[in-house]
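Welcome! Let's take a friendly look at two spots in this structure.

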Amino acid sequence: MHNLVKHDFQPGVSATGNESISSNELHILRDLLRLLPTGVTVQDEHGEFLVVNEAAAAQLQLAASQPSAIDDRHEASLDMLRDGRPVVIEETLTCGASKHVFLTSHRSVQIAGRTLLISSSTDISAQKAFEDQLFRSAYYDELTGLPTRRVIEHRVNSLIRSDGSHDQFALAFLDVDNFKHINDYYGHAIGDALLIELSKRLGHALRDTDILSRISGDEFLLLLNPVSGEREVAEFIRIMQERLKAPFFIDQSEIFASTSIGVSLYPVHGRSYEALRQNADIAMYRVKNNGKGSTAFFDTSMEREALARMKIEQSLRLAILEKRFCCAFQAKVDIRTQEVMGIEALVRLRDDEGVIQAPGTFINLAVELGLIDELTLLVLAEIVKSIDLINDTFGPTTTISINVAAKQAGNLEFMRAFARAIEETGFPKRFMIEVTEDAFVTRSHFQDQILPILRKIGVGISIDDFGIGYSSLSALADITADEIKIDRSFITDIHKRPRSQGILRAIESLSEALGMTVIAEGIESYEELTYLQAATRIRYAQGYYFAKPIFLEDLKPATPLASESRASLAARPTPENRAAYSRANGFRR
């Protein structure tokens, strides 16, 4: 091995030539050279060091800890002396866990008849670390360490360009089911930890030619390359889905997670990355709509469904822009006195032909597209504009309920703005906000921060569709609401369903103890009504049996609805073969 240790890499200068330089000037030059932050060395024809400043000495001491680096450096120096051309190289030296990168410029020169190699080295370790960080942030997901969308897109495009062998590959779109609820309930820290563990299970048993990529919050893309056909892909994904069935244990919480997966195959389902990704996405949404947690391969019928969905989306955006939504009102009735005690404002959409569309066709899409906030404010504006007509028809003291989606209820910024808009109406105490139980039991801002704002201005709170969400009866104890609306799934044919009757009694008793008014939703038959009247203490109900939703333009201020409701109920005969009920004896004829 070439011995460089004789210099011990101590900084020094051997004077050559030009004896006319004064001692003082030479001393200044030596100090300047010694203190330069850039490492400077001068080597002779044999590679021996003539000049080594302090920065270069430190670098060479680092190289001395790696014998192979010293040998390589000496050989490279001799080659550069012989070649005579300037060279710039990047050198990496490691010392334990630390890594140092130097950018070194070498130049062969002729001085006083001698061939010398002048080298200068700059430590660029911090710059390289920053470049590595930029590279990883551009091409690798910070949370999971998986490749980003850009990487898998580049790989797919490369496979398509080099399609000489006509190999098939599969692109799968994976979406974590109910991830928002997991995030809301357990918190974002546990949600992030779940994504990390989930990515490990998804990436298990992948080949070197396969790629798993995280492309957004809870969405992944999986490239399987090559594949023999649909059967092979289906079997691989089935095994992967089986791995996900085991619970995840995170921060003392046991969490179950599943994925909905859509798959497209090259070339039958597309000949470009965008087409394959879009078709896999379409197939994934078919799974979501059919119950989640399974896999679907793309077919052309899905494309037609996607186009229909896109048409609805476009018409929804246009309808909001053109304010083609209208309000209908359904009464909440006292089933003992037939008085109207409140109304619920229901939003309806008029399509291009003027046909009224029920909310089931657009509400979920409005939430998904982020349009629901504007829609809710439009409903409030319609109520304010028509308050005189509403008062004349339903009475000036009836409460007015407005539905707020669970996603909105947890949005502090929107709910503050919504509360201000309600307060500015001048009659905030008339309003009742209906939210689903999810808004209370998830870890959102609603219970702690938003509810006090609404209470302060006198707005009432109603739990809508109780019994079908994520809570239990015990969750009611922690909820501070004024009203609880029992979902119609418990009320339909209640007189024939003993199990539902038991659940109804439990909800009724607990709500009564907590001071909440109970409203039965979806009353559609005389039998359902008479059961509630005879076998429960429930006083209020809502449903088509009393009145269908009435549009603003159909309101008749000359005959208040409260009077119509009493007259209508009183005029209905009770056939002899109707069932009768008793709280003591239950159902009897």
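## Around the largest cavity

Gly 39, Thr 41, Ala 56, Gln 59, Leu 60, Arg 73, Ser 119 and Ser 121 line the largest cavity. On a 1 Å grid over the protein atoms alone, a cavity is a set of points where a 1.4 Å probe fits but cannot get out, and lining residues have an atom within 4 Å of a point. The space in the largest cavity is about 30 Å³, and a search of the whole structure turns up one cavity of 30 Å³ or more. Such a volume is the space filled by probe spheres set on the points, which are joined across faces, edges and corners.

Strand E2 (39–43), helix H2 (54–64) and strand E6 (114–123) each give at least two residues to this lining, with the largest share, three residues, coming from H2. Helices (H or I, at least four residues) and strands (E, at least two) are DSSP runs, numbered from the N terminus.

## How the model is read

This is a predicted model, where local features need pLDDT of at least 70, side-chain atom pairs count only at pLDDT 80 or more, and totals for chains, interfaces and linings use all residues. Residues are numbered from 1 along each chain as its sequence is written, and side-chain values use heavy atoms, leaving out hydrogens and water.

Key:
On a 1 Å grid over the protein atoms alone, a cavity is a set of points where a 1.4 Å probe fits but cannot get out, and a pocket is an open set with protein on both sides within 12 Å along at least five of seven lines; lining residues have an atom within 4 Å of a point.
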